[in-house]
Amino acid sequence: MDLDLVTRHLEDGICTLTVNRPDKLNALNQQTLQALDQAFAEAAADQRVRVVVLTGAGAKAFVAGADISQMNQLTPVQGRDFSLLGQQLMRRIEGLGKPVIARINGFALGGGLELAMACHLRIAADTAKLGQPEINLGLIPGFGGSQRLLRLAGRAATLELCLLGAPISASRAQALGIVNEVVPADALDARVAELAAQLAKAAPLALRAILDCVLVGGECALEQALQFESTQFGLVFATADMREGTAAFLERRQPEFAGQ
Ligand code: COA
């Protein structure tokens, strides 16, 4: 497997993963999906990693979609396997148990928007364009896009983006609730670094409990979701970080969370 398809950099608890096919606008072929899946699995297992930043190499694209030249050759069975590979990656990111920030530095189209939507926070440059243009290729979203977009932005926006296939601006994506923040392109690094540093200092087990509550709650009935939240709430009382956080407040000092 060519690990250079995804580069990794770990510093101060922040693991930056960069999809690295800039000459193809970071399009996701099978090998890149596998490299990303492996990189995220390793980030999940590495105790030093407190937060992941996911981005694309070059100034032009986050990820311009699934690899069209590869898809052009697939049989129906291979197409299903390709979809399952992408969906497995998206599920891994969504359920990573550590916050993942999508640094959307340019085009986030098709599989690129699906990838960004599997992340927990999305920060976009004002120059970015987002969309689900599969319909223009006689395709449909296959890495969970029709479902995550529906849950993020509702039926009207999902049908508009998927049926018409036209890219939208970062500011429209923010208005629709698809991205959290839009910043000038030259301020993207600073803002993402600021958010990542904040999350890297936060209590990891409490972060994980929040991520799990939102993930589970999005997929089951309110009654079960509320019970799950209470259980998670109870569990954080078993952490040293909860004692530290509350003590630090009472002692009017900054907490130091150890992830215990
Ligand atoms: N799959 C495979 N290759 C892709 C790709 C994709 N999704 N998106 C871009 N590329 C490749 C182009 O084929 C081109 O390769 P080449 O230089 O070997 O010919 C290279 O990346 C640069 O793209 P190009 O189209 O020349 O850049 P542009 O600035 O003119 O246009 C886009 C940018 C994003 C508008 C255009 O590349 C595009 O529409 N891409 C496809 C988006 C899409 O439909 N994604 C969903 C796929 S399901």
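**Questions on a predicted protein-ligand model**

Me: Is Arg-21 buried or exposed?
Reply: Arg-21 counts as buried, at 14% relative accessibility. Buried means under 20% relative accessible area, exposed means over 50%, and partly exposed lies in between (1.4 Å probe, protein chains only).

Me: What sort of model is this, and how are residues numbered?
Reply: It is a predicted model, in which local features need pLDDT of at least 70, side-chain atom pairs count only at pLDDT 80 or more, and totals for chains, interfaces and linings use all residues. Residues are numbered from 1 along each chain as its sequence is written, and side-chain values use heavy atoms, with hydrogens and water left out.

Me: Back to Arg-21: which side chain does it meet in a salt bridge?
Reply: The side chain of Arg-21 meets that of Asp-67, with an N to O distance of 2.8 Å. A salt bridge is a side-chain nitrogen of Lys or Arg within 4 Å of a carboxyl oxygen of Asp or Glu.

Me: Where does each of the pair lie in the chain?
Reply: Asp-67 is in the loop between strand 4 (61-63) and helix 2, while Arg-21 is in the loop between strand 2 (14-19) and helix 1 (30-45). The two residues are 46 apart, and the pair links distant parts of the chain. Helices (H or I, at least four residues) and strands (E, at least two) are DSSP runs, numbered from the N terminus.

Me: And Asp-67, buried or exposed?
Reply: Asp-67 is buried, with a relative accessible area of 5%.

Me: How many salt bridges are found in the whole structure?
Reply: The search finds 14. One of them joins Asp-46 and Arg-48 at 2.7 Å, N to O, and Arg-48 is exposed, with a relative accessible area of 59%. Arg-208 and Asp-212 also meet in a salt bridge, at 3.8 Å.

Me: How far apart are Arg-208 and Asp-212 in helix 8?
Reply: They are four residues apart in helix 8 (residues 204-217), so about one helical turn separates them.

Me: Which residues are linked in a network of salt bridges?
Reply: Arg-91, Glu-94, Arg-148 and Glu-219 are linked in such a network.

Me: New topic: how many residues surround the ligand?
Reply: The ligand is surrounded by 16 residues, and the closest are Lys-24, Lys-60, Ala-64, Ala-66 and Ile-68. A residue counts if one of its heavy atoms lies within 4 Å.

Me: How far is Lys-60 from an oxygen atom of the ligand?
Reply: A polar side-chain atom of Lys-60 lies 2.6 Å from that oxygen. A backbone N or O atom of Ala-64 lies 3.0 Å from a nitrogen atom of the ligand, and a polar backbone atom of Ala-66 is 2.9 Å from a ligand nitrogen.

Me: Which elements give two or more residues to the shell around the ligand?
Reply: These are helix 2 (68-71) and strand 6 (107-109). Leu-109 is found in strand 6 and counts as buried, at 13% relative accessibility.

Me: What about helix 4, how many of its residues are buried?
Reply: Eight of the eight residues of helix 4 (residues 111-118) are buried. Among them are Leu-113, Glu-114 and Met-117.

Me: Where is the place of Leu-139?
Reply: Leu-139 is in the loop between strand 8 (129-131) and helix 5 (145-164). Leu-139 is partly exposed, with a relative accessible area of 33%.

Methods
Polar contact = N/O pair within 3.5 Å; in protein donor to acceptor, adjacent residues only side chain to side chain.
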